[in-house]
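User: I am new to this structure and would like to go through its charged contacts and its surface step by step. Could you take my questions in turn?

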Amino acid sequence: MKENKDTACEPCEQNFERNINRLVKEGKAPTPKACQQKEHEVKSAFAETGKERK
């Protein structure tokens with residue numbers, strides 16, 4: 001996973017991967033459908049704030 005050796009320390013990356021694996025095993029990881037819905041919500045929220053007000 002780690003490509004650039006200057007960006008993160010090895011223990012931090014291992015801890016991150018361990019947490020992700022734990023969430024997946026516990027069933028707490030979001031489903032693809034839930035990810036898509038959240039992504040849509042975020043994009044629409046930022047689209048509204050990105051407009052100029054006059």
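**Salt bridges and surface**

Analyst: A search of the whole structure finds three salt bridges, where a salt bridge is a side-chain nitrogen of Lys or Arg within 4 Å of a carboxyl oxygen of Asp or Glu. This is a predicted model, in which local features need pLDDT of at least 70 and side-chain atom pairs count only at pLDDT 80 or more, while totals for chains, interfaces and linings use all residues. Residues are numbered from 1 along each chain as its sequence is written, and side-chain values use heavy atoms, with hydrogens and water left out.

User: Is Arg22 buried or exposed, or partly exposed?

Analyst: The classes rest on relative accessible area, with buried under 20%, exposed over 50% and partly exposed in between (1.4 Å probe, protein chains only). Because its relative accessible area is 41%, Arg22 counts as partly exposed.

User: How many residues apart are Glu39 and Lys43 in helix α2?

Analyst: Glu39 forms a salt bridge with Lys43, and their closest N and O atoms are 3.1 Å apart. The pair is separated by about one helical turn because the spacing of Glu39 and Lys43 in helix α2 is four residues.

User: What is the N to O distance in the salt bridge of Glu41 and Lys38?

Analyst: Both residues lie in helix α2, which covers residues 32-49, and they are three residues apart, about one turn of the helix. Glu41 is partly exposed at 45% relative accessibility, whereas Lys38 is exposed with a relative accessible area of 53%. Their side chains meet at an N to O distance of 3.8 Å.

User: What is the area of the nonpolar surface patch made by Phe16, Ile20, Leu23 and Val24?

Analyst: Patches are made of residues with over 30% relative accessible area and no salt bridge, nonpolar side chains (Val, Leu, Ile, Met, Phe, Trp, Tyr) being joined within 5 Å. Phe16 lies in helix α1, residues 10-26, and is partly exposed at 47% relative accessibility. Together with Ile20, Leu23 and Val24, Phe16 makes a patch of about 340 Å².

Technical notes: Patches are made of residues with over 30% relative accessible area and no salt bridge: like charges are joined within 9 Å, nonpolar side chains (Val, Leu, Ile, Met, Phe, Trp, Tyr) within 5 Å. Accessible areas come from the Shrake-Rupley method with a 1.4 Å probe; for residues, only the protein chains shown count as cover. Helices (H or I, at least four residues) and strands (E, at least two) are DSSP runs, numbered from the N terminus.
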